[in-house]
Amino acid sequence: MAKRSIIPFGPQHPVLPEPIHLDLVLEDEVVVEAIPNIGFVHRGLEKLVETRDFKQYVYVAERVCGICSFGHGLGYCESVEHVMHIDVPKRARYLRTLWMELSRIHSHLLWLGLLADALGFEALFMQSWRLREKVLDIFDNTTGGRIIFSVNQIGGVLKDIDASMLKEIDTILYDMETDLKPIMDTFLEDMLVNSRLRGLGVLSKEQAYLAGAVGPMARASGIDYDSRETGYAAYADLNFGPITATEGDCYARCKVRLAEILQSFEILHELISKIPGGDINVPVKGNPNGECFIRIEQPRGEAIYYTKGNGTKYLDRFRLRTPTTSNIPPMLDLLKGCQLGDVPLLILTIDPCISCTER
Amino acid sequence: MSDRILKIEKGDLLQMAVQKKMDGWRLAQICAVTIDQAYEMSYTFVKDKDMETLRIHLQPKEPIISLTQIYPCAFLQENEAAELFGVLIENITMDYKHKLYRIDVKAPFGPKEDASWQNEA
Amino acid sequence: MRSKKLFVFTRQVLKNLTSSPVTEAYPFQEASYSDRMRGHISIDIDQCISCTLCAQNCPPRAIQVDRKSDTWSIDRFLCVQCGNCVQVCPKHCLKMEKGYTAPNTKKTMETYTRPPQKKKIPQAGESCVFCGLCANKCPRQAIHVDRETKEWLLKKEDCVHCELCAKVCPKHCIEMKEE
């Protein structure tokens, strides 16, 4: 008879800097159940919408998360614009898409670095983050911030990117593609990395669907779904499709994210060649009155924004369902039956963002 | 972009959720809103490009059944609604009993003026 | 199929060994900032008219404006560098500049006091058509326009001397006069 024991995991654990606590019920070395416990960093940012007017709240929404910061600002703006029936200028939509895709590249490179770190492959971790730094430099030059951009505004964007800078970004992206190649090969072909990732934490398509997995997590299990296809910002004009894998293991999740970086490069090249001229914002009159749900594809998966206005400058309610909220239940499925030593890696592969989840 | 919001009765929720699950919809989001002294619960379902929201208006102190029996992944968001808004949700499979978030105030997002009844409950 | 390749990363390691560092040698070399960097807020206090729009529109409430003593203060450790105040300032006297706030052990307010100056208040001229644009634009709702009775009234105590009304007037009939 196997001996049952309970091991606490987190809230402080070397694998991820964010606080999530798990009670792991073990039979010998095998996890039979995991009970999640979050709530260490709840900040009540959703409540703040009642005391900051709807134009100011853009800056609060951005600060929900450090990595998807642009996406949250974008989601909030899109939802308010939808309620107020504002037609955002085309150039602003393209610029938003540009920053959003660059955010995706930087988020995925960050995750790849963390994955390499969790495997104990420090050199690979360093190379991934070195590459990510180039994206952060683009952000710094175009928006004035490396992580928090504060360029979104209800009705458009605040800063424009001129043609020479766009060209420069295009060149940097081509260089990055060359630099990404050896990193990508290491993740996908190196025997040691392979033996750590292949066949670990398999999530079947049915399991993923029922547990509500979103983003790269769902696509790695073969769910053909990408909320960018709903056509917000400038995505309706661009040519792309969801990237899927069928294996559903850690390797597939890594592969999907790498392929998404390459896809983002392509989207960006297309976008830079197509970007129209014109205004970058429109004046906003009146206050939001009404409600709507909006889906945005964040690097980590689909996020849902709900805005409810009451005709005053303060919104009644703003709700943000982050991708990690949806990805925690499938993570619990993954953990059942795995080895204790694999737990950190499995938690990492869902790309968790706990402070996002708790807001 | 489709965002339909259907107003339904409390009693129909379980049946409609089962129907949605049979038709292959995914539970995307659960959201509570405080309206005066009462609540509004929104359950958003997503199927590919379609999105549909079921809306239930709750009276103060009126309990609602949990969806965790049908969609187990609902537990986090239902616990959140119960804890931050004070919505009475019955039979959550993994009920944190107001211990999900480490906060001092009971139902900080709930109705403001009349917070006394929550302390009794 | 598990890959059997080994030493995939070796070339990258060797390249890394022989190339120069990608990081800046920061304390020995000056850090480079981008032109658009959002580092800290600076104010041209002579231009400030204490309209309080920046304080009202600051999400973390880091700015305080005292109209009686003509001061503008900012808690630099509360400021999140969002740049909203720069956006709303009617006199464009706020600027987002390069460089970070120096670290400190205490949060302190930095206060700027405006040298005394004569305040100008708007006065509508004869060509006024009572369109009401000035009243709409006034950040403090100090102007009252009644089209029917042809009245143009100013609540002096509410006026913040921002001159926005004079700027938007389609007939250019608003004059800023000294009190």
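Reader: How is chain C divided into domains?
Author: Into domain 1 (40-113) and domain 2 (120-178), with bounds from an automatic or database domain assignment. This is a predicted model: local features need pLDDT of at least 70, side-chain atom pairs count only at pLDDT 80 or more, and totals for chains, interfaces and linings use all residues. Residues are numbered from 1 along each chain as its sequence is written, while chains are lettered from A and ligands numbered from 1 in the order in which they are written.
Reader: OK, and what separates the centres of those two domains of chain C?
Author: 27 Å, taken over C-alpha atoms.
Reader: How many residues are in contact there?
Author: 6 residues of domain 1 of chain C contact 5 of domain 2 of chain C (contact: C-beta atoms, placed from the backbone, within 7 Å).
Reader: Switching topic, how many residues of chain C are in contact with chain A?
Author: 21, and they meet 26 residues of chain A. Helix H1 (residues 10-18) of chain C gives the largest share of chain C's side, 3 residues. Helices (H or I, at least four residues) and strands (E, at least two) are DSSP runs, numbered from the N terminus.
Reader: And helix H2 of chain B, how many of its residues are buried?
Author: 11 of the 11 in H2 (residues 75-85) of chain B. Buried means 20 or more other C-beta atoms, placed from the backbone, within 10 Å of the residue's own; 12 or fewer is exposed, and in between is partly exposed.
Reader: What covers them?
Author: The cover includes helix H10 (323-335) of chain A, plus strands S2 (26-35), S3 (38-47) and S6 (89-90) of chain B.

Definitions and conventions
Two residues are in contact if their C-beta atoms, placed from the backbone, lie within 7 Å.
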